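Hi,

Here is the structure we talked about. Could you open it next to this email while you read?

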Amino acid sequence: MVGHHDRVISLALSPDGETLASGSHDHHVILWDAVAGEQQLVLNNHNHIVTGLQFADDECLYSTSRDGSVLVWDVANEFMAR
């Protein structure tokens, strides 16, 4: 998959400005190289619309969903931390 397949409703930029996270109605979070504009990783553990994104630092991303879930991602190592 390249890009989202539905509306993007949430964005977050990492503190170092190198990674952009986008969340969508398609239930996915996509990490982008903010400098090159290239897709890096698709995070797909949400079961509903991704409503919010927030970087805690350059390696930790929080994502929220309309179903009330909050997921914590270790984006440096490409896995869900909790």
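Below is what turned up, going from the overall chain to single residues.

First, some ground rules. This is a predicted model, where local features need pLDDT of at least 70, side-chain atom pairs count only at pLDDT 80 or more, and totals for chains, interfaces and linings use all residues. Residues are numbered from 1 along each chain as its sequence is written, and side-chain values use heavy atoms, with hydrogens and water left out.

**The whole chain**

The protein chain has eight strands and zero helices (both are DSSP runs numbered from the N terminus: helices are H or I with at least four residues, strands are E with at least two). Along the sequence, that reads β-β-β-β-β-β-β-β. The C-alpha atoms fill a box of roughly 30 × 25 × 15 Å along the principal axes. Of the 82 residues, 41% are buried (buried is under 20% relative accessible area, exposed is over 50%, partly exposed is in between, with a 1.4 Å probe and protein chains only).

**A negative patch**

On the surface, Asp 16, Glu 18, Asp 57, Asp 58 and Glu 59 gather in a patch of negative charge. (Patch residues have over 30% relative accessible area and no salt bridge; like charges are joined within 9 Å, nonpolar side chains (Val, Leu, Ile, Met, Phe, Trp, Tyr) within 5 Å. A salt bridge is a side-chain nitrogen of Lys or Arg within 4 Å of a carboxyl oxygen of Asp or Glu.)

Where do two of these residues sit? Asp 16 is in the loop between strand 1 (8–13) and strand 2 (19–24), and Asp 57 is in the loop between strand 5 (50–55) and strand 6 (60–65). Asp 16 counts as partly exposed because its relative accessible area is 39%; Asp 57 does too, at 38%. Asp 57 and Ser 14 are 43 residues apart along the chain, yet their C-alpha atoms are separated by 6.7 Å.

**Two more residues to look up**

His 27, in the loop between strand 2 and strand 3 (29–33), has a positive phi of about 80° although it is not a glycine. His 27 is partly exposed, at 29% relative accessible area.

Ile 9 belongs to strand 1 and is partly exposed, at 39%.

Cheers

Note on methods: Areas by Shrake-Rupley, 256 points an atom, 1.4 Å probe, with all protein chains shown as cover. Lys, Arg positive; Asp, Glu negative; His and termini not counted. Charge placed at Lys NZ, Arg CZ, Asp CG, Glu CD.
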